[in-house]
Amino acid sequence: MKIKVLQIGAGSMGTRRIRDLTARADVEVALLEMRTDRREKASNQFGIPCFDCMESALAWGAVAISISTPPQSHSQYVKIALDRGLHFFCEAELFPFRYREVERKTAEKQTVAAPSCTLQFLPLCKELLRIVREELGELFAYTFCLSIDIASWHPDEGTEYYARNRSTNGTREMVTFELIGLTDLFSEPQGVTGIVRTGGELGPNYEDSWSLQMRLKNGGIGQLVVLGASPTVTRKGVAVGSNGTIEFDLLTGDIHRRLPLLGIHDTRNFGSLSDLLESVYKEEIDTYIEAIKGTDQWPHDFRKANVICGTLAAAEKSSVTGKVEKVNPDFLPAELPDQYEDESE
């Protein structure tokens, strides 16, 4: 019997999810999408049933959903999945559902909760994880920089595009997106000093620069800088351990190892991001389906999602208070990056 999956949202990511789900012989797909043009496009391109209201979509009989809507709307669909005992996948979180409720209800109903963790499926990140665990030795510190041009994202979309809104702007979202991969590689943050500012020309009162200095659970130091108003794209990092250093570039796929205590000094390539990204998306959604079938395990959970978003919240609060802020998975991002108070005053 085919697994019936309801795809929610048919924007850029939602269309990718439909493409990869319909490619499987063991999956049947339907779409919930409020925009008429997107429903018509999906129906013509993939030949799937399309709905414009949740009641009709649920009557279709899905056992699983895939949520590809703007970050602020994830929770309403997660709640529906939890209440109805549906498996669910959702794109990278900015305002995640409280993890304890997710753990309790999915355990009761034996369902899969799968917050997105795209970078963990990238060949470069898989090899980095092996190097960090087997070769780097004790981690002293890592630093990572992402620079992007948010203004160039989806130019055909108008002001309704969520990444152009201050609360869900693309730079802010990419802080959590990068932290998913970095936390998996190096360790969870426990305390953060943060700077959040407007440094480019995206518009007044629109933050485009985040800098996080993090104290890690394993005793190391982590640093993440995400810039959203850069004319060039950079996605590079360096990690320093007791056996030497590694440098890595997510865009080119290069890993450079300088580990003199192990006699290793080389550069290897694991494929450019532009060449691999679509296959990575496919592996991600395939893993979700295999987790539903019980033939694989999902590698990321809502406690980790809450820790990562709690790290963003701590960094933003630190930018307001000027203090080191503790990471708390129960303290999640405010609606806007400056809506935090210093309780000590």
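I took buried to mean under 20% relative accessible area, exposed to mean over 50%, and partly exposed to mean in between, with a 1.4 Å probe and protein chains only. The model is predicted, so local features need pLDDT of at least 70 and side-chain atom pairs count only at pLDDT 80 or more, while totals for chains, interfaces and linings use all residues. Residues are numbered from 1 along each chain as its sequence is written, and side-chain values use heavy atoms, with hydrogens and water left out.

**Cysteines.** I looked for disulfides, meaning pairs of cysteine sulfur atoms within 2.5 Å, and the count came to zero. For Cys90, the nearest cysteine sulfur belongs to Cys309 and is 10.0 Å away; Cys90 is buried, at a relative accessible area of 0%. For Cys117, the nearest cysteine sulfur is that of Cys90, 11 Å away, and Cys117 also counts as buried, at 0% relative accessibility.

**Sheet.** I took strands (E, at least two residues) and helices (H or I, at least four) as DSSP runs numbered from the N terminus, and I counted two strands as paired if DSSP finds at least two bridges between them. Six strands form an open, parallel sheet in the order β3-β2-β1-β4-β5-β6, with β3 (50-51) and β6 (113-115) as the edge strands, each pairing on one side only. I then followed β4 (residues 64-67) and β5 (residues 87-90), which pair in the parallel sense over four bridges, and I noted that Ala64 stands opposite His87 in β5.
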